[in-house]
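Hi everyone, thanks for coming. Let me put the structure on the screen, and then we can walk through a ligand site and a strand together.

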Amino acid sequence: MGTNNENEKLIGVIDAGTRSVQFCVFRTTHNKEITKHTIDIATAVPQEGWSEQDPKEILDAVRKCMAKVVEELGEEASKNIVTLGITNQRETTILWDKTTGEPLHNAIVWNDIRTDSTVDRILAKVPDQDTNYFKNHCGLPVSPYFSAFKIKWLMHYSPHVKNACKSKTCLFGTVDTWILWNLTGGINGGKHYTDVTNASRTFLMNIELLNWDPYLLNYFKIPEEMLPEIKSSSEIYGYVSNDWPLEGVCISGILGNQQSSLLGQRCLKEGQAKNTYRSGCFLLYNTGNQRVLSTHGLVTTVAYKLGKQPPVYALEGSVAVAGTAIKWLRDNMGFLKDVSRDTESLAKEVFNTGDVYFVPAFKGLYAPYWRKDARGIICGLTAFSTKQHIIRAALEAVCFQTRDILEAMNKDCGIPLTKLRVDGKMSQNDLLMQLQADISGIPVIRAETEDITALGAAMAAGAARGVDIWNIHSEESELIPIHTFLPTSTTNERDARYKKWKMAVQRSLGWAVPKKSAVMTEERYCMLASLPGCLYVIISFGMLAISEYIQGVGSR
Ligand SMILES: Nc1ncnc2c1ncn2[C@@H]1O[C@H](COP(=O)(O)OP(=O)(O)O)[C@@H](O)[C@H]1O
Ligand SMILES: O=P(O)(O)OC[C@H](O)CO
């Protein structure tokens, strides 16, 4: 590895995703990284529907990845890294104490649904229980997905957070902020900033003014002093402190990972869109400087803001479960051994799904339905159905969910999308991409550069004022190698199948009824949080047994 030109300027990117953290190094104006190191991050599931990560493990992985890349590049070449970018899983919520630097709780991950009952309580108070009630303020529907609900939960249920709030030492951050604060000095003057793209996912930022919205802060009773300052996506935020590798290098680009891949895909013009297929699936459509407030279940979000230039907005369709369904078929059903090696070959052993439909609403459905009461179903099974049919149906589910979003986008924007740019690990599956073209009826254009997400943050970091080593709008930086998948189905065929998908979705709705035990679960957590491990397990099981007994009696 190493670089050919020892004086060439390089950009490092910390890409902190849900599954892993990686540090990638890019040459300026080149689309391919020259080296990277990746470390997986553990996710704990303390209870059904919950999802937590250790903020210190994330930091530790960042440190190790940076150190490894510096070691591989060699000291001389590493000096060519002139700036750093950060891109991250969004909405994931971390609270820590600014005097000790210690997290006050595990990070609550974006797809955690513990705040279901908090959401219900909020909805019960708004006219017609309208999930879009706050959309004019923040562009988002009421959903456990967004950070404000997670902050609220922590402020209510974590004794450590409560105390830190009382003593005004509690800080909030999404993963970008947590990394930046630590990288720039932590308790010794760390920068407590976030960028507009991450802030736009908290439910607390005013989507027009790009500041913390006083009405929402008051509604959630979240004090502004615990929130980071909102910055653009491309400016110098600070410098790496002396206890990290690459000491003294500036940090000049921050973007949530879906916005970062929009930039990496060069969707810089109004009307361009990309879809990223990973654990979840996220379709972003550039709406230029205009904020389009969706009336069809999409989210209004900031796509990017380059320094002092006006913000660029996007409409987003988020799908909670994409690759996760394949992992579930591997881990829980034992249908396959290796996700990347077996999925495509097994799905290709059958010519179609045999009329099987799989709605993987494991934690409800996100866009465009926003139904947290939906649960997963596999329907249309016959004695003829095999695991191959079900695997293929899981792939098709991703394509149908994408079509749901495309239909909503076409309605909101008025001009149908004529092609779809795609990326993400799951997009390496050729069959999935062909099914996507066939189900949506438009060409699917896959970026053959693996780390498109990190590339976006490299571009933002390199373009920052004072760094000035990447011209985002230059023709030279347009050349991403691509592979195109063209639709082979007729309109009638795809519409008939899509109709069936909609029937399957209908059957998945309303399955999860609010349980008394859901509220008990939160309280049980609060009470048990301070107990030693073994006592926790014994009491936990005891309470579970009692609550199940009570439910059993109730349902007789
Ligand atoms: N060839 C493949 N076919 C189908 N799904 C795949 C394939 N390769 C990876 N996946 C799925 O894609 C996801 C991997 O995404 P990854 O980029 O590691 O990101 P994330 O941080 O979102 O987990 C996993 O859920 C995995 O099941
Ligand atoms: O799971 P990731 O890392 O693809 O990212 C998740 C999204 O940012 C959630 O909004």
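Tyrosine 145 places a polar side-chain atom 2.7 Å from an oxygen atom of ligand 2, a polar contact being a pair of N or O atoms within 3.5 Å. Taken alone, ligand 2 exposes 310 Å², and the protein buries 99% of that; these are Shrake-Rupley areas with a 1.4 Å probe.

A quick note on what you see: this is a predicted model, where local features need pLDDT of at least 70 and side-chain atom pairs count only at pLDDT 80 or more, while totals for chains, interfaces and linings use all residues. Residues are numbered from 1 along each chain as its sequence is written, chains are lettered from A and ligands numbered from 1 in the order written, and side-chain values use heavy atoms, without hydrogens and water.

Back to ligand 2. Arginine 278 has a polar side-chain atom 2.9 Å from a ligand 2 oxygen, and for arginine 90 that distance to an oxygen of ligand 2 is 3.0 Å. The residues around ligand 2 (a heavy atom within 4 Å) also include Trp110, Asn257 and Phe282. By class, this shell has 3 nonpolar, 5 polar and 3 charged residues.

S5 pairs in parallel with S1, residues 10-16, over 7 bridges; pairing takes at least two DSSP bridges. There, isoleucine 81 stands opposite leucine 10. S5 also runs parallel to S12, residues 250-256, joined by 6 bridges, with isoleucine 86 partnering isoleucine 254.

Note on methods. A polar contact is a pair of N or O atoms within 3.5 Å; within protein, one must be able to donate a hydrogen and the other to accept it, and residues adjacent in sequence count only if both atoms are side-chain atoms. Ala, Val, Leu, Ile, Met, Phe, Trp, Tyr, Cys and Pro count as nonpolar, Asp, Glu, Lys and Arg as charged, and the others, Gly among them, as polar. Helices (H or I, at least four residues) and strands (E, at least two) are DSSP runs, numbered from the N terminus.
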